[in-house]
Amino acid sequence: NEIKIFCPATIANLSCGFDVLGLCLDNVGDEMIIRKSDQKGIRITKLVGADLPLETEKNVAGVAALAMLEALNSDAGFEIEIYKNIKAGSGIGSSAASSAGAVFGINELLGRPFEIKDLVPFAMQGEKLACGNAHADNVAPALLGGFTLVRSYAPLDIIKIESPPELYATVVHPQIELKTSDARSVLKQTVSLKSAIMQWGNVGGLIAGLYTKDYDLIGRSLHDEIVEPLRSVLIPGFDLIKQTALENGALGSGISGSGPSIFALSKGEATAHKIAKAMSAVYDEMKLPYEIHVSKV
Ligand code: HSE
């Protein structure tokens, strides 16, 4: 009648895959306790670690869970306790963790009426509430683990890709808040054919690299022609952090989701920690507070 779940943080976009690529972090995330209740519907009974609304319709977990119960035409009731570790506006999928966690947990308590993949559209409703856009590139990896590709939004077609065994992520979060809606508002609605050609070449390269465990190909493909140049100016020290990651052995580096977190991928845990140390030194020097994580992906 009760379930305790880990709601993982995620890195969306992965440079070339704006709104379509994402990966799940192994050891960074929130916790959630969900229990059955006699009262129909969803109630958020506790929210620790963040100043977010408790009202069901204003809370991403509440909205995602309600969408799921509605699809089932269910009279069931649930209470949700949320323990946030992932800061809102950090770029590692804070809202997605809550949306995905809620629908995953309720699905388990109901005896799994849905396959995990079919929970993605419900979790996307939480993303829509959070930033006005129902993207799936954080909720899909949070639910399915590993890497995910949104091959298409209409109809929704999500491909799960296993992580190569030695792939690690380093993610640094300079302690400023950057709203996804703001980071989306700086984007242009059209791209040049020249940029598009580079971008889809890299997306294909990244997917091929993941399947063949070709770490150099993964690195060569982690490049963003379209979004990073427009958004990186919003992130303090971005160029220096990225350059530092590459100098310390990263396969590639870029903006995590809509920022301000910056990620680097590397082959092997030791390199990921070396990069974390070097990134920390940059922000220490700039006297900028930050949080940093190293995780298997
Ligand atoms: N793909 C989204 C964006 C992820 O970059 O705006 C943010 O949650």
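**Sheet, helices and ligand shell**

Strand S7 (residues 167–174) and S10 pair in an antiparallel way, with seven bridges between them; pairing here takes at least two DSSP bridges between two strands. Strands (E, at least two residues) and helices (H or I, at least four) are DSSP runs, numbered from the N terminus. Along this pairing, His-173 has Glu-291 in S10 as its bridge partner. The model is predicted, so local features need pLDDT of at least 70 and side-chain atom pairs count only at pLDDT 80 or more, while totals for chains, interfaces and linings use all residues. Residue numbers start from 1 along each chain as its sequence is written.

Zooming out, S7 and S10 belong to an open sheet of four strands, ordered S8-S9-S7-S10 with antiparallel pairing. Its edges are strand S8 (252–255) and strand S10 (290–296), each pairing on one side only. On average, and ignoring direction, neighbouring strands of this sheet are turned by 15° against each other. Angles are taken between N-to-C directions and run from 0 to 180 degrees, with axes fitted as lines to C-alpha atoms, for helices over the stretch in contact.

Helices come next. Helix H9 (residues 238–247) lies across S7, S8 and strand S9 (262–267), running at about 5° to S9. Helix H10 (residues 269–285) also packs on the sheet, where it touches S7, S9 and S10, and its direction makes about 15° with that of S7. Contact means that the C-beta atoms of two residues, placed from the backbone, lie within 7 Å.

Elsewhere, helix H2 (residues 94–109) packs with helix H3 (residues 120–131) at an angle of about 150°, the axes being 8 Å apart. That angle makes H2 roughly antiparallel to H3, a label for angles over 145 degrees. Among the residues that meet are Ser-95 and Val-103 in H2, and Phe-122 and Glu-127 in H3.

What about the ligand? The residues around it include Asn-13, Phe-18, His-135, Arg-184 and Ser-258; to count, a residue needs its C-beta atom, placed from the backbone, within 6 Å. Helix H5 (residues 180–185) gives the largest share of this shell, three residues.

Most residues other than glycine have a negative phi, and most peptide bonds are trans. Leu-14, not a glycine, has a positive phi of about 50°, and its place is the loop between strand S1 (2–12) and strand S2 (21–37). Ala-154 and Pro-155 are joined by a cis peptide bond with omega about 5°. Gly-259 and Pro-260 are also joined by a cis peptide bond, with omega about 5°, and Pro-260 sits in the loop between S8 and S9.

Note on methods: Angles under 35 degrees count as roughly parallel, over 145 as roughly antiparallel, 65 to 115 as roughly perpendicular and the rest as oblique.
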